[in-house]
2 protein chains.
Amino acid sequence: MTEVRAGIVVTGTEVLTGRIADRNGPWISERLAELGVEVAHILVVGDRPEDLEAALRFMAGEGMDLIVTSGGLGPTADDLTAEVVASFVGRELILDEEVEEKIAAILRGFARRFNFDPEAVREANRKQAMIPVGSIALDPVGTAPGIVVPADGRVVVVLPGPPRELQPMWPAALSAEPVRELLERATPLHGYTLRMFGIPESEIAKSLREMESAGIALPEVEITTCLRRGEIEIDVRYRDEASDIAEDVRTALAARHERHLFSLDGETIDTQVASLLEGHRLGLAESCSGGLLAARITDLPGASDYMAGGVVSYSNEAKTGLLGVDPALIEAKGAVSPEVAEAMALGALGRFGADVAVSITGIAGPDGGSERKPVGYVCFNARLADGTAIARDPVIPGGRADIRERSALVGMHLLRILLSGEEAPL
Amino acid sequence: MTEVRAGIVVTGTEVLTGRIADRNGPWISERLAELGVEVAHILVVGDRPEDLEAALRFMAGEGMDLIVTSGGLGPTADDLTAEVVASFVGRELILDEEVEEKIAAILRGFARRFNFDPEAVREANRKQAMIPVGSIALDPVGTAPGIVVPADGRVVVVLPGPPRELQPMWPAALSAEPVRELLERATPLHGYTLRMFGIPESEIAKSLREMESAGIALPEVEITTCLRRGEIEIDVRYRDEASDIAEDVRTALAARHERHLFSLDGETIDTQVASLLEGHRLGLAESCSGGLLAARITDLPGASDYMAGGVVSYSNEAKTGLLGVDPALIEAKGAVSPEVAEAMALGALGRFGADVAVSITGIAGPDGGSERKPVGYVCFNARLADGTAIARDPVIPGGRADIRERSALVGMHLLRILLSGEEAPL
């Protein structure tokens, strides 16, 4: 069984210049990996046709079986992908009238809704119906169709740039005959993800070295470790024949890092906390994190089942007025203190009629730190209505954004530990 | 004066597989563009040495004067960048003892603080002191030094992967003699950014076509238009000789899109709102946006000067208890209604002792919509203590995350319009 290799070409000056982040390259890469396709490169180029052509030449030269492009299918003159791909595979562009009519129907709707001149919009978009001879058009989700171009034993899949158009079009791209044929040659990769919190990456590297010395055949599986938003993510991928080794790796890592491991199956802290909160009623009290914990909790659909609400008590008056914190306590201990954090959490329990609450008060910087309470000093209090509580006051490293985000993350982990009744490893 | 062209190679399987987003490519690209260096490609490769080598060969083959790599300098065995670059330029790796001592000093600190075995950590990191013969080491910010490698008329700059190590190391990379020589040949690009809200991209494309027909020499400047987090960003870059044309473009776009243009100089809505809030006291009341507006307002340092606080009133009880919304009003009009939005904003003014407030209540989905109030229906109320108010209740397109983020964005724009006394164009 041969390996199927793919390259991804992301086009767009706005991505190349860093003004918008590329969401397509990583997304396509993940989808291909699940199908067992080995992605070798993601190449970002601007709207210069020479650079896109060089990218295609490079991918072909490196022997890629599949090249997926995103972007450059829009209505403006600098959207040149279809043209460059056609010239690269030595085919002419022709107007696909069926596609043209589909685009026109979509645009009539837009023009009516937004009251823009329909003819101007239609003209700007007519070029979107031009596809290379011998290729397969994929129905537009926005106004740009995708294109599947079989060429000299390889396949070029041309997709639009906006993720909300590209992602819904993906299944159609996979079903196109030339792509289907290619995918039949790929061996699906299996994989799992472990997540840990509160441990440095170097400790995992050390464990892996020791596990290999102890006889686990690590080179048979692909292990990547990365620090992602404050947590360690360990990703293990393997083909059928290495299943046993992959299971040994999971067991060995779990045994070595029991205290820091919170997810054996890739489940995120957000999903875990959402499950643990079922049947509870949560109240939040945030200062330095400014609503980030509330935003994270309410990010998941169904949060209204357990989220009563939160107070962003940025001022002392808000701590006093909305959470009932005694002004004398703030005066005596400071707004950033374990005592005020406890009072905030108690206030959140009371004011929201909650049975579980988390409070966060800290110094996000860049100013406001002192020797005793430096920038990054954050006090947490997580508690149940029955009095069970966890209090922490770490100094979180990094800049203002890091401190704020990490505070929300610590809040999530305290919720998990509190609700699952685990011993607290933080 | 010749053009200086650069390529960026981002290494790391975790970036290639999409598990972490690449922040280095875009960041380096922006920095190089400011210096007048033309970035042609950003290429992401995994930890396979063959793929990194292919990337370097491609960049050299495309005639890049400067190649910047990020990542692969870590302590683990899959961190191979220094080795691959050395072999690519045909130099051996040697131990730089000065660098080794610097790393050792840093690691002694870590090992003490975190109580990990210092020898294990040091051994894992010794390889980080190996650099190609004839190259210049850049002092480590974390534990990995950067490396500047002059090679056959081009320069390869090797930087660590973590942005918090890479970014502080950048000035040292620019000061290294071979890079300095290269940059002297580049002509700095000027540029400005316009921002608009509430208008589709196709209208801008139409304006540009008409401006060109009217005689503005658009091909002399580089214009990129992109939809970024719900706003249109128009970026114009030009060299000295095209200054007049660039100014004409700015004037013409401003005249055509006065109602939707809010920034002529790239200033973000966040910074504008922060300035407008000076001397005010802000209270927020959020339901469907779940704290995202509060998080956005408090993202900027100094927010405590004007941010009194916010209530995330996710439950009806929170709307009633913490914001004083009449339960009968919720019963009669629904929690998502212009009337409840108004009551929430009035509640935020009162409870926080604020002189300006914004409320958001809507249906973020995926469930909970009805025919009259579909998913995406969001009610806003922005008001001053003197009674001046703006109310809106649009249906926001997209999924749950889009609706929540866009709600916070609309909240920002309502604040801007309210505080600047502009006519409301939303």
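Predicted model: local features only at pLDDT ≥ 70, side-chain atom pairs only at ≥ 80, totals over all residues.
Two residues count as in contact if their C-beta atoms, placed from the backbone, lie within 7 Å. Residues are numbered from 1 along each chain as its sequence is written, with chains lettered from A and ligands numbered from 1 in the order in which they are written.

Now the helices. In chain B, H11 (residues 269–276) packs with H16 (residues 400–420) at about 40 degrees, axes 9 Å apart. Helices here are DSSP runs of H or I, at least four residues; strands are runs of E, at least two. Axes are lines fitted to C-alpha atoms over the stretch in contact, and angles run from 0 to 180 degrees between N-to-C directions. On the H11(B) side, the contact uses Ile269(B), Asp270(B), Gln272(B), Val273(B) and Leu276(B). Partners in H16(B) include Met412(B), Leu415(B) and Arg416(B).

Next, the cis peptides. Gly365(A) to Pro366(A) is cis, omega near 5 degrees. Pro366(A) lies in the loop between S15 (356–362) and S16 (378–384) of chain A. Chain B has a cis bond joining Gly365(B) and Pro366(B), omega about 5 degrees.

Last, positive phi. Asp152(B), not a glycine, has phi near 50 degrees. Its place is the loop between strands S7 (146–151) and S8 (154–159) of chain B. Buried or exposed? Asp152(B) is exposed, because it has 8 C-beta neighbours inside 10 Å; the cut-offs are 12 or fewer other C-beta atoms within 10 Å for exposed, 20 or more for buried, and partly exposed in between.
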